[in-house]
Amino acid sequence: MKLRIATYNIHKGVTSFSGRPRIHALKQALAQLDADLVFLQEVQGRHDRIALRHAALWPQQAQHEYLAGESHHAAYGVNAVYDHGHHGNALLSRFSIASARNQDVSDHAYESRGILHCVVDIEGVSVHCYVIHLGLFAGGRRRQTAALIEAVRASSPPDAPVIIAGDFNDWGNKLSEFLRIRLGVSEVFEQHGSAHGLMGYLRKLGGMQPVIQPARTFPASLPMLRLDRIYLRGFEVESAEVMRGGLWANLSDHAPIVSTLRLK
């Protein structure tokens, strides 16, 4: 069984400085990815002010419903709530979503964060999907990662296929080893990334271990920081890439990661 998946922080479907909607262009771009599962962060469930100011450019549906359209099912987890709306994480799935639960892992009052856990039925196999957006501070990210590990252990069988994807804000790559040891997961670019390029080959030739690093995804116009990740258990990676340049440079401040997987 093959799966095409993507993770994308969509920046609430608006431009960074003027706050002008670009949600219609985002929907067209996501359709081009042709992904079976899409892990989304910073999804605007409701924003009354933008809806009023840009009525012609803002869909009447919540963003996760609008982006799902008729081709995908959608689950949404509210993280931040304010007078004029709310936003959070979402999963779009071509397959039936058997269950969805959102867990609050906010570390302080100024950053609302959550883990959206969905069980997706794919050809009779229950795949456990976790959409995550970690905080901006290192201490908070460590505590939220510990909460993620506890959540995965408590909500999925140890032999179940697992996909954890989202914006980890982990530019120093401090969390990968922690997740690898505690959950038995690997990051998609461990199989298709720095460990398999020319430098990885030369290090192996010299008897050294390859340096394994996630891909650069931020800022989208010229990716420098390694913020977005896809961690897997029970899957083999056939391909993984960051969508750079062209339209992707202008749709969000993050670039999406797309990967093709095969269930072991």
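Author: Helix α4 covers residues 138-155, which is 18 residues. At 1.5 Å a residue, the helix should span 26 Å. Its end C-alpha atoms are 25 Å apart, so the two values agree.

Reader: Which residues of α4 are buried?

Author: First the general idea. An α-helix has 3.6 residues a turn, so residues three or four places apart point the same way. Now the case here. The buried residues of α4 are Gly-139, Gly-140, Arg-141, Gln-144, Thr-145, Ala-147, Leu-148, Ile-149, Ala-151 and Val-152.

Reader: What covers the buried residues of α4?

Author: The cover includes four strands: β5 (97-104), β6 (114-122), β7 (125-133) and β8 (162-167). Helix α5 (176-183) is also part of that cover.

Reader: Let me zoom in on Thr-145. Is Thr-145 buried or exposed?

Author: Thr-145 lies in helix α4. Its relative accessibility is 0%, so Thr-145 counts as buried. The cut-off for buried is under 20%.

Reader: What is Thr-145 in contact with, beyond its neighbours within four places in sequence?

Author: Thr-145 is in contact with Leu-134, Leu-175, Phe-178 and Leu-179. Look also at its side chain. A polar atom there lies 2.7 Å from the backbone oxygen of Arg-141.

Reader: And in strand β8, is Ile-163 buried or exposed?

Author: Ile-163 has its place in strand β8. Ile-163 counts as buried, because its relative accessibility is 0%. Arg-113 and Ile-163 are 50 residues apart along the chain, and their C-alpha atoms are separated by 18 Å.

Reader: How do I read empty space?

Author: Rolling a probe the size of a water molecule over the atoms shows where empty space is left. In this model the largest pocket has a volume of about 160 Å³. Its lining includes Lys-27, Leu-30, Ala-31, Asp-34, Ala-35 and Val-38. Leu-67, Ala-68, Ser-71, His-72, Leu-92 and Arg-94 line the largest pocket as well.

Reader: Which helix gives the most to the lining of the largest pocket?

Author: Helix α1 does, with 3 residues. Both α1 (23-33) and α3 (63-68) supply at least two residues of that lining.

Reader: Now the backbone. What should I look for?

Author: Look for exceptions. Most residues other than glycine have a negative phi, and most peptide bonds are trans. The peptide bond from Phe-218 to Pro-219 is cis, with omega near -10 degrees. Pro-219 sits in the loop between α7 (198-205) and β10 (228-233).

Reader: Where are Asn-169 and Asn-173 found?

Author: Asn-169 is in the loop between β8 and α5. Asn-173 is also in the loop between β8 and α5. Asn-169 is not a glycine, yet its phi is positive, at about 50 degrees. Asn-173 has a positive phi near 55 degrees. Asn-169 counts as buried, at 5% relative accessibility. Asn-173 is partly exposed, with a relative accessible area of 24%.

Reader: Last point. How do I read confidence?

Author: Where pLDDT is low, the predicted coordinates should not be read in detail. The protein chain averages a pLDDT of 92. Of the residues, 92% score at least 70.

Reader: Where does pLDDT stay under 50?

Author: Over residues 194-199. The model has 12 contacts beyond four places in sequence for that stretch.

Definitions and conventions. Residues are numbered from 1 along each chain as its sequence is written. This is a predicted model: local features need pLDDT of at least 70, side-chain atom pairs count only at pLDDT 80 or more; totals for chains, interfaces and linings use all residues. Side-chain values use heavy atoms; hydrogens and water are left out. The expected span of a helix is 1.5 Å times one less than its number of residues. Buried means under 20% relative accessible area, exposed over 50%, partly exposed in between (1.4 Å probe, protein chains only). Contact means heavy atoms within 4.5 Å. A polar contact is a pair of N or O atoms within 3.5 Å; within protein, one must be able to donate a hydrogen and the other to accept it, and residues adjacent in sequence count only if both atoms are side-chain atoms. pLDDT is the predictor's confidence in each residue, from 0 to 100. On a 1 Å grid over the protein atoms alone, a cavity is a set of points where a 1.4 Å probe fits but cannot get out, and a pocket is an open set with protein on both sides within 12 Å along at least five of seven lines; lining residues have an atom within 4 Å of a point. Grid points are joined across faces, edges and corners, and a volume is the space filled by probe spheres set on the points.
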